[in-house]
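Visitor: I am new to this structure. Please pick one part and take me through it closely, with what lies around it.

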Amino acid sequence: MRVLLVHPPHVGRLGLQDMVLVEPLALERLAAAVPDAEVALLDMRLEPDLDTALADLPPDLIGLTCPFTTQVGALLSLAARVKQACPRAFVLVGGHHPSLRPGDFLHPCVDAIACGEGEHTLAELVKCLRSGGEPARVPGLVLNRAGVQEATAPRPAIADLDSLPLPARQLTARWRRRYHWMNQHPHALVETSRGCPYRCNFCSVWRF
């Protein structure tokens, strides 16, 4: 089973995204969750050559992350590109915005949206597709089928982050010196918790 995980390129011009360019930790964690698959990771913020990545690893599953609302349009265009190049590949979209608004990704080039934490969802989906199973049996998905969306069973939150494997940072080694926070580099991220115990009415973070 071949899996390509893609972080989309920047949208727009000069902004915070140019001052803060950090490793795609979520994708590194997803890659580590499927050790039995052949996984490649493309960070299009630094290496925009999608065609070469698709040719080098003709993927069975392509995972696209959409961290920000401003990237929705660009991500749908990206999904159309990968579906045209690899029509038989399963295109999965995940991230903050898709988890909150999966309806924004009701698109013929998107096969499913992963809602919430993705490690267990991706691992089960890869196993399902490898065996020719039915994705509707994988919790945590919203499936696009014939112009409508079908949600699978909700997936419970991961209670123990220590149960997850360490991020597959070897997949981003070639860009390691280029990740930075302002003028601090090289730079790496560490995830110590998920979620928030508070429910402030001015904040959206606790919702995802």
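Guide: What follows is a close look at the sheet and its surroundings.

This is a predicted model, in which local features need pLDDT of at least 70, side-chain atom pairs count only at pLDDT 80 or more, and totals for chains, interfaces and linings use all residues. Residues are numbered from 1 along each chain as its sequence is written, and side-chain values use heavy atoms, with hydrogens and water left out.

Start with the layout. The sheet is open and has seven strands, in the order β3-β1-β4-β5-β6-β7-β8. Their pairing is mixed. Names follow DSSP runs, numbered from the N terminus: helices are H or I of at least four residues, strands are E of at least two. Two strands pair if DSSP finds at least two bridges between them. Strands of a sheet pair through backbone hydrogen bonds, either parallel or antiparallel.

Now the edges. They are β3 (38–43) and β8 (148–151), and each of these pairs on one side only. From one strand to the next, the twist averages 20°.

Move to β1 and β4. Strand β1 covers residues 2–7 and strand β4 covers residues 61–65. They run parallel, joined by four bridges. Look for V6: its bridge partner in β4 is L64. Helix α4 (residues 72–85) packs on the sheet and touches β1, β4 and β5 (90–94). Contact here means heavy atoms within 4.5 Å. The direction of α4 makes about 165° with that of β4. Such angles run from 0 to 180 degrees between N-to-C directions, with axes as lines fitted to C-alpha atoms, for helices over the stretch in contact.

The side chains of D60 and R2 meet at 3.8 Å, N to O. By definition, a salt bridge puts a side-chain nitrogen of Lys or Arg within 4 Å of a carboxyl oxygen of Asp or Glu. D60 sits in the loop between α3 (50–56) and β4, while R2 is in strand β1, so the pair ties together parts that are 58 residues apart in sequence. D60 is partly exposed at 28% relative accessibility. R2 is partly exposed too, at 32%. The cut-offs are these: buried is under 20% relative accessible area, exposed is over 50%, and partly exposed is in between (1.4 Å probe, protein chains only).

Next comes β5. Five of its five residues are buried. F90, L92 and G94 point one way, and V91 and V93 the other way. β5 pairs with β4 in the parallel sense over five bridges. T65 stands opposite G94 there. The chain crosses from β4 through α4 to β5, and this β-α-β crossover is right-handed. Right-handed means that, with the strands pointing away from the viewer, the path from the first strand over the helix to the second runs clockwise. β5 also runs parallel to β6, with two bridges between them. In β6, V93 has I113 as its bridge partner.

D111 and K83 meet at 2.7 Å, N to O. D111 lies in the loop between α5 (96–100) and β6 (112–114), and K83 in helix α4, 28 residues apart. K83 is buried, at 15% relative accessibility.

Now see helix α6 (residues 119–130). At 1.5 Å a residue, its 12 residues should span 16 Å, and its end C-alpha atoms are 17 Å apart, which agrees. The expected span is 1.5 Å times one less than the number of residues. Buried in α6 are E119, T121, L122, L125, V126 and C128. Their cover includes β1, α2 (25–32), β4, β5, β6 and β7 (141–145). After α6 comes G132, with a positive phi near 75°.

Finish at β7 and β8. A146 lies in the loop between them. A146 has a positive phi of about 55°, yet is not a glycine. Most residues other than glycine have a negative phi, and most peptide bonds are trans. A146 is exposed, at 86% relative accessibility. R145 and E150 form a salt bridge, with their closest N and O atoms 3.8 Å apart. R145 is partly exposed at 30%, and E150 is partly exposed at 37%.
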